[in-house]
Amino acid sequence: AAPPTPPRPHPRGADHSRRRSLTGLGIVIALFAAVACGAYYLSSTAAGQALEGGPSIALPDWLTGVVGGQGQVLVVTIGDIEGLNLRDAPGLGSQVIGLLPNGARVRQIGGPRTVDDVPWLQVRAEIDGQVVEGWVSAHFVRPE
């Protein structure tokens, strides 16, 4: 009987091929993790806006189109009423932090967000020489 043949060492290319396979697998896993994190970020942002008081993640300025707070300029059109309430949060039950007179110019920095069946816009305005940010009903403002 012939003695058993000793195992032949793997050629050098087999180890190189195995390392390339592991590197490729690592790249695929990293890409999958990046896509999963991005999807989670966007879905949690949408969920935060859909649920009043829910968790919310602020989108970066380059994604929202509101760069440096330079959103659309709006004019208050409240009519014969003394002024438009500027609120600290969207909703009819939120605290009034200021009064915007008819014709006042404001800059939209967020929204719209519907609360209490009313669309709300987050705006930046000047009241008594001080810049303030708050929420107003979209029913009482129009584009300049």
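**Entry 1: the model.** I reminded myself that this is a predicted model.

**Entry 2: strand partners.** I started with strand S4, residues 105-115. I found S1, residues 73-76, running antiparallel to S4, with 3 bridges joining the two. To see the pairing for myself, I looked at Val75, which stands opposite Arg105 in S4. Then I turned to S5, residues 118-127. S5 also pairs with S4 in the antiparallel sense, over 6 bridges. Here I picked out Thr114, which has Pro119 in S5 opposite.

**Entry 3: the turn.** How many residues lie between S4 and S5 in their hairpin? I counted 2, and I noted that Asp116 in the turn has a positive phi of about 60°. Asp117 also sits in the loop between S4 and S5. Is Asp117 buried or exposed? Its relative accessibility is 74%, and exposed means over 50%, so Asp117 counts as exposed. I also checked Asp117 against Leu92: they are 25 residues apart in sequence, and their C-alpha atoms are 9.7 Å apart in space.

**Entry 4: the core.** Next I looked up the largest nonpolar core, which has 14 residues. Val76, Leu84, Leu100, Val106, Val136 and Val141 have the most contacts inside it. S1, S2 (84-87) and S5 each supply at least two residues of this core. Which strand gives the most to this core? It is S5, with 4 residues.

**Entry 5: Val76 up close.** I finished with the contacts of Val76, leaving aside its neighbours within four places in sequence. Among them are Leu84, Leu100, Val106, Phe140 and Val141. Pro101, Asn102, Gly103 and Ala104 are in contact with Val76 as well.

Definitions and conventions. Residues are numbered from 1 along each chain as its sequence is written. This is a predicted model: local features need pLDDT of at least 70, side-chain atom pairs count only at pLDDT 80 or more; totals for chains, interfaces and linings use all residues. Side-chain values use heavy atoms; hydrogens and water are left out. Two strands pair if DSSP finds at least two bridges between them. Buried means under 20% relative accessible area, exposed over 50%, partly exposed in between (1.4 Å probe, protein chains only). A nonpolar core is a set of buried Ala, Val, Leu, Ile, Met, Phe, Trp, Tyr and Cys residues joined through side-chain atoms within 4.5 Å. Contact means heavy atoms within 4.5 Å.
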